[in-house]
Amino acid sequence: MTLPETNLNTSSQNPFLSLNYERAILELGDDYYDEVEAAEFPQLILRWRNDALLSRLGLDAANVSDEHFIEAFGKFEVHKPLLALRYHGYQFGEYNPQLGDGRGFLYAQVRGTDGQLYDFGTKGSGKTPYSRGGDGMLTLKGGVREVLAAEMLHRMGVNTSRCLSMIETGLDLWRGDEPSPTRSSVMVRFSKSHIRFGTFERLNYIRRPDLIGKLLNHVIYIYYSHLGAEPDKYALFYSELVQRVALLVAQWMAAGFCHAVLNTDNMSITGESFDYGPYAFIPKFDPNFTAAYFDYYGRYSYSNQPGICKLNLELLQKPLSAVIPTADMEQGLSQFEDCYHAQYRVLMLKKLGFSNLEKLESGEYEELLKATLRFLNNYPVSYHHFFSDLATTFSHKWRDDASLILSGSEITIELGASELFLHWSGLYHKILTNMAPDDIEKVGQTLIQSNPKTVILRPIIESVWEPIAQDNNWEPFYNLIKEIQN
Ligand SMILES: Nc1ncnc2c1ncn2[C@@H]1O[C@H](COP(=O)(O)OP(=O)(O)OP(=O)(O)O)[C@@H](O)[C@H]1O
Ligand SMILES: [Mg+2]
C-alpha cells in the first residue's frame with residue numbers, strides 16, 4: 001500500500017498542500033478501493049472555483065490562485081494515492097454488481113475548521129477498473145449542471161455536497177443525450193462521505209460480514225461519533241440514518257427537487273444528497289413529474305421519492321444484518337413516515353412564512369398546508385413562482401385585507417377569482433389576523449429566507465448553457481450562481 005504523499009511536483013507555495021489531510025479510508029485497507037491514476041488532459045481551464053468553501057478548509061481565497069486550483073484539482077498533484085472506491089447498487093430495482101468509481105476517485109480527505117471530515121471526490125478524472133465500457137469522463141454540461149444543482153440546493157437549505165472546482169479538460173466526448181462531440185470537464189466534489197448504501201451491498205454480495213462490521217464501525221466512529229459510546233450504537237445508528245434520510249427527502253420535496261436517479265449507489269451513508277445527473281426542479285407541482293428520460297415507468301418520480309428512499313433503507317438492512325439485529329432495524333425504519341411527514345410539514349410551513357414551531361401544531365396550519373397543495377396541484381401555477389411571489393410581494397397589509405394577498409403577482413391576475421385560490425387566501429388571511437405585529441414581520445423574513453427568487457428550472461439552466469456552448473461566454477453562468485446565492 002502506498003502511503004499518502006502531499007509534496008509531489010507542485011509549487012511549494014500551493015495552499016492546498018498544507019490542508020489537514022487525513023487517511024481514514026486508506027487506513028481501512030485495500031478491500032474497499034483500488035489505487036488508480038488520474039487521466040492527463042490536453043487542456044486545463046478553470047471554469048468554477050468555489051471560494052465559499054475555502055474558509056472551511058482554513059484557507060483565505062486571496063491566497064489561492066487559479067493555478068493552485070489547476071495543480072490540485074486538474075493535475076491532482078498535491079495528494080496521493082488516488083482511490084477508486086468499490087461499490088455495487090440497486091439500479092432501477094435491479095442489483096448491479098458491476099459498479100464502483102468508474103470515472104472518479106477519492107482524491108483526499110480533509111479535516112475542516114468546523115471539526116468535520118470532508119471528502120474531495122472527483123468526477124470525470126479518467127478510467128478505473130470500474131469504467132466498464134465508459135470513457136471515464138464527465139461532459140462540461142454535466143459539470144455545469146452539477147455545480148448549479150449543489151449551489152441551488154445549498155441555498156434552499158438542503159443537506160448537500162458542493163462542487164469545489166470544475167475544470168474544462170479539452171476533450172471531445174460522445175454522448176447519446178447531448179449534441180456530440182461535446183466538451184469535457186473534471187469536477188471535484190466536496191462532501192461528507194462517498195460511502196454509499198451500495199458500498200455495504202457489495203460487501204454482502206462478496207460474503208464478507210467481517211468487512212461490513214469494520215466499515216460500520218468506521219462510519220459510526222467518523223460520521224455518528226456521538227453514538228460511539230452507546231451500548232446499542234448499531235441500532236441507534238440505523239435509526240438515525242432513517243431519520244437523516246427522511247429529513248433529506250423532506251428537504252428535496254419542499255424544494256421541489258426531483259433527484260432522478262435514486263439508485264442505492266447514489267445514497268450516502270451520512271444522509272447527504274449528491275450526484276446531480278438528470279435532476280430537475282419541478283416546473284409545477286405535479287406528483288408524477290419524472291426527470292430522467294430513461295425512467296420509463298416513473299420509478300423515481302417527484303412524489304415517489306419518499307417511498308423509494310424508504311425502500312433503499314430497507315434494502316440496506318440486508319448487508320447491515322451482519323451486525324445489527326433485524327428487529328432493531330425494523331423498529332428504526334417504522335419511524336420513517338412519521339419523521340418524513342413531520343419534517344415536510346415544518347419545511348412547507350416555513351415556505352409559507354411560518355416558523356414558530358410551538359404554534360404550528362394547530363389545525364389551521366394543517367388546513368392551510370392541504371389547501372396550498374390542492375391549489376398548486378389543480379392550477380397551472382409554477383411551484384417556485386408561487387412561493388417566490390409570496391415572498392417578494394408580502395406586505396403587513398395582508399393582515400387587514402385578504403384581497404391584497406398576492407395581488408401584486410401574476411398568479412392573481414390569472415387566477416384571482418378562482419375558488420381554490422380564494423379558499424387558500426382566506427385561510428392564509430385568517431392566520432395572519434391572529435398574529436401580533438412582530439410576528440407578521442417575522443413572516444416576511446421567513447418567506448424571503450425560505451424562497452429564493454431564482455430557482456434553476458431547466459430553461460434557466462439551458463439559458464446559461466447556450467452562451468457557453470455557442471460563444472464560450474461564461475458570464476450568464478457566473479451571474480446565475482450569484483443570483484442563486486442571494
Ligand atoms: N463516462 C463514464 N465512464 C465510466 N464509468 C461511468 C461513466 N459514467 C458513469 N459511469 C459509472 O456508472 C455508474 C453509475 O453512474 P452514476 O452517473 O450514478 O455515477 P457517477 O455520476 O459517475 O458518480 P457519482 O455517483 O459519484 O456522482 C458508476 O459506477 C459510474 O462510475
Ligand atoms: Mg452515481
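The shell around ligand 1 draws at least three residues from each of domain 1 (15-194) and domain 2 (199-345), the domain bounds coming from an automatic or database domain assignment. The model is predicted: local features need pLDDT of at least 70, side-chain atom pairs count only at pLDDT 80 or more, and totals for chains, interfaces and linings use all residues. Residues are numbered from 1 along each chain as its sequence is written, while chains are lettered from A and ligands numbered from 1 in the order in which they are written.

Of the 17 residues around ligand 1, Leu99, Gly102, Ser131, Gly134 and Asp275 come nearest; a residue is near a molecule if its C-beta atom, placed from the backbone, lies within 6 Å of it. By class, this shell comprises four nonpolar, eight polar and five charged residues (nonpolar: Ala, Val, Leu, Ile, Met, Phe, Trp, Tyr, Cys and Pro; charged: Asp, Glu, Lys and Arg; polar: the others, Gly among them).

An unreviewed UniProt entry lists residues under "binding site", including Gly102, Asp135, Gly136 and Asp275; such annotations may be inferred rather than shown by experiment. Asp135 is found in the loop between β8 (117-123) and β9 (138-139), and Gly136 lies in the loop between β8 and β9 (strands are DSSP runs of E, at least two residues, numbered from the N terminus). Asp135 is partly exposed, with 17 other C-beta atoms within 10 Å, whereas Gly136 is buried, with 20 such neighbours (buried, 20 or more other C-beta atoms within 10 Å; exposed, 12 or fewer; partly exposed, in between; C-beta atoms placed from the backbone).

Terms used. Helices (H or I, at least four residues) and strands (E, at least two) are DSSP runs, numbered from the N terminus.
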